[in-house]
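Me: I am new to this one. Please walk me through how to read it.

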Amino acid sequence: MLYLWVKTFHLLFIISWFAGLFYLPRIFVNLAMEQEPAVVQRLLLMARKLYRFMTILAVPALILGLTLWLGFGVGRGPGNGWMHAKLTCVILLIGYHHACGSLLKKFEAGQNQRSHVWFRWFNEVPVIMMLIVLIMVVVKPF
């Protein structure tokens, strides 16, 4: 029964973290296009608050995921290569999260050199990563 509670809250925090991973780069698209200083400041405020909140959400998501893996043995043992692929994606998503923080700092310093088109493509990364993770967890192809 405890396993189901841990799994439920893990999924809740993952979904919430991903909402931020989807939305923050969209704010970056708007920041890259915007010229009006007041609008830029408002978007930066939104981005800062979102980044802080999604960082808070990522921590319990990762802790609960580690609890499922190490505490309950989910994905361990032979025939669980899918877990290695999933964990690789999780590490890449943590890197993506930190990259968002770096990009936010560049926007705050007025040093962004990237176009809104680049940010539109950057915005697709967590969608692709989520698809891979879902396939690994649900289908368990290897």
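Reply: Start with a cysteine. The sulfur of Cys-100 lies 16 Å from the closest cysteine sulfur, in Cys-89, too far for a bond. Keep in mind that this is a predicted model.

Me: How many disulfides does the structure hold?

Reply: First the general idea. A disulfide is a covalent bond between the sulfur atoms of two cysteines. Now the case here. The structure holds zero disulfides. A pair would need its sulfur atoms within 2.5 Å. For Cys-89, the closest cysteine sulfur, in Cys-100, is 16 Å away, so a bond is out of reach.

Me: Are Cys-89 and Cys-100 buried or exposed?

Reply: Cys-100 is buried, at 0% relative accessible area. Cys-89 also counts as buried, at 6% relative accessibility.

Me: How should I read the largest nonpolar core?

Reply: In soluble globular proteins, nonpolar side chains tend to be buried together. Here the largest nonpolar core has 28 residues, and Leu-24, Phe-28 and Leu-31 touch the most other members. Helices α1, α2, α3, α4 and α5 each supply at least two of its residues. The largest share, nine residues, comes from α2.

Me: What does Phe-28 contact, beyond its neighbours within four places in sequence?

Reply: Phe-28 is in contact with Ala-47, Cys-100, Leu-103, Leu-104, Phe-107 and Phe-119.

Key: Residues numbered from 1 in each chain as written. Predicted model: local features only at pLDDT ≥ 70, side-chain atom pairs only at ≥ 80, totals over all residues. Heavy atoms only, no water. Core = buried A, V, L, I, M, F, W, Y, C linked by side-chain atoms within 4.5 Å. Buried < 20%, exposed > 50% of the residue type's maximum accessible area, 1.4 Å probe, protein only. Helix = DSSP H or I, 4+ residues; strand = E, 2+ residues; numbered from the N terminus. Contact = heavy atoms within 4.5 Å.
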